[in-house]
Protein chains: 2
Amino acid sequence: MTAPDPRRERHLAEARRRLGEYLKERRLRATRQRDLILAAFLDHGSHASVDELYQVVRSRDPSVGHATVYRSMSLFVAAGIAGERRFHEGVSRYEPALHVDHHDHLVCEACGVIEEFEDPTIERLQEEAAATRGFRVHYHRLELYGLCRNCREP
Amino acid sequence: MTAPDPRRERHLAEARRRLGEYLKERRLRATRQRDLILAAFLDHGSHASVDELYQVVRSRDPSVGHATVYRSMSLFVAAGIAGERRFHEGVSRYEPALHVDHHDHLVCEACGVIEEFEDPTIERLQEEAAATRGFRVHYHRLELYGLCRNCREP
DNA sequence: ATGCTTGCAAACGCTTTGCATTTGA
DNA sequence: TCAAATGCAAAGCGTTTGCAAGCAT
């Protein structure tokens, strides 16, 4: 079907390794479902909702339940493989947490496309703003909502 | 009970005026409930959830329904009196939108306190980052999560 | 064998909606 | 008068949970 993308292959392999480690450490179990969901997650690109993943997983194995996708995604977050985000719409979306430097998001309100960007100066200023007020930052969230290039055009 | 805060008085007066305007324009109606909820909202300070407002409103008039608070808050957002935000927990919280310049948030993960801050340089850099990528920004959201001064101390 | 995982369905918490009734203009 | 607004209860929606059965170890 799809040509094998060597980068994705590597990422899948590493995510599997990381998950295996995490499971072994805590005496949890490697299951067919978890591997299936992990693959669907990495196939999806980024910002997948549980329901989107559920659809993909189902197309490959209709016996997998909704709850299992929820439970697995929580597990992946705990294992450091996935990061959870909520954009303005409110549903949880997941993005790969391995090999990904921190980045922020541009969200198009018209077509829904989500673009990522990074700006080290903004990061630094955030740290400074927080430090000034006595805060130590663990993580942050920066989202810019507006219109993307395509949707701006009349 | 509480000493009358002149600033709050002014804000309530202006919010009432603005709401009155908005209602008249669209031939909507001024009701006791809307005024009650508006007052509770402005009394609350900032970042009130619907349920928190509902409790306050109820203590003043137990006949008011849950749904009316939801409907009123949506109305206030539409009228430009309130802004809606969702922090990581997921529930909608509202803050006054009048007399308030744009600001961002520092959220303490330990005690839950939400502090506001503003940084014009960050704002400018955001605009630039967006423009570079062809986006026009309508609004943005920046939240820094971590520990506040009190909660950092051992 | 043990106990973690699963699928299912029911429960959940927040929010919205349908509807009969009340109420502001 | 009469459409808008309310209160209530029910429905929606994404998410979580209880439980009996299944499966990895």
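Reader: How many disulfides does the structure hold over all chains?

Author: A disulfide is a pair of cysteine sulfur atoms within 2.5 Å. In this predicted model, the structure holds zero disulfides over all chains. C151(A) is in no disulfide, and the nearest cysteine sulfur, that of C108(A), is 3.7 Å away. C151(B) is likewise in no disulfide; its nearest cysteine sulfur belongs to C111(B), 3.7 Å away.

Reader: Is C151(A) buried, partly exposed or exposed?

Author: Buried means under 20% relative accessible area, exposed over 50%, and partly exposed in between (1.4 Å probe, protein chains only). C151(A), at 26% relative accessibility, counts as partly exposed. C151(B) has 27% and also counts as partly exposed.

Reader: How many aromatic pairs are there over all chains?

Author: Rings of Phe, Tyr and Trp (its six-membered ring) pair if their centres lie within 6.5 Å; planes under 30 degrees apart count as stacked, over 60 as edge-to-face and the rest as tilted. The count comes to two aromatic pairs over all chains. In one, the rings of Y139(A) and Y145(B) have centres 4.8 Å apart and planes at 5 degrees, so the pair is stacked. Y139(A) lies in strand β6 (residues 136-147) of chain A and Y145(B) in strand β6 (residues 136-147) of chain B, so this pair joins two chains. Here helices (H or I, at least four residues) and strands (E, at least two) are DSSP runs, numbered from the N terminus. Y139(A) is partly exposed at 31%, whereas Y145(B) is buried at 4%.

The rings of Y145(A) and Y139(B) are also stacked, with centres 4.8 Å apart and planes at 5 degrees. That pair crosses from strand β6 of chain A to strand β6 of chain B. Y145(A) is buried at 4% relative accessibility, and Y139(B) is partly exposed at 32%.

Reader: What area do chain B and chain A bury between them?

Author: The size of an interface is often given as the accessible area lost when the parts come together. Buried area is the accessible area (1.4 Å probe) that two parts lose on being put together, summed over both. Chain B and chain A bury about 3,800 Å² between them, 55% of it on carbon and sulfur atoms. F135(B), Y139(B) and R141(B) supply 20% of the area that chain B buries against chain A, more than any other three residues. By contact (heavy atoms within 4.5 Å), 41 residues of chain B meet 41 residues of chain A.

Reader: How many salt bridges does the rule find across the interface of chain B and chain A?

Author: A salt bridge is a side-chain nitrogen of Lys or Arg within 4 Å of a carboxyl oxygen of Asp or Glu. The rule finds two across this interface. The side chains of E143(B) and R141(A) meet in a salt bridge at 2.8 Å, N to O.

Reader: Which element gives the largest share of the side of chain B that touches chain A?

Author: The largest share, 12 residues, comes from β6(B).

Definitions and conventions:
Residues numbered from 1 in each chain as written. Chains lettered and ligands numbered in written order. Predicted model: local features only at pLDDT ≥ 70, side-chain atom pairs only at ≥ 80, totals over all residues. Heavy atoms only, no water.
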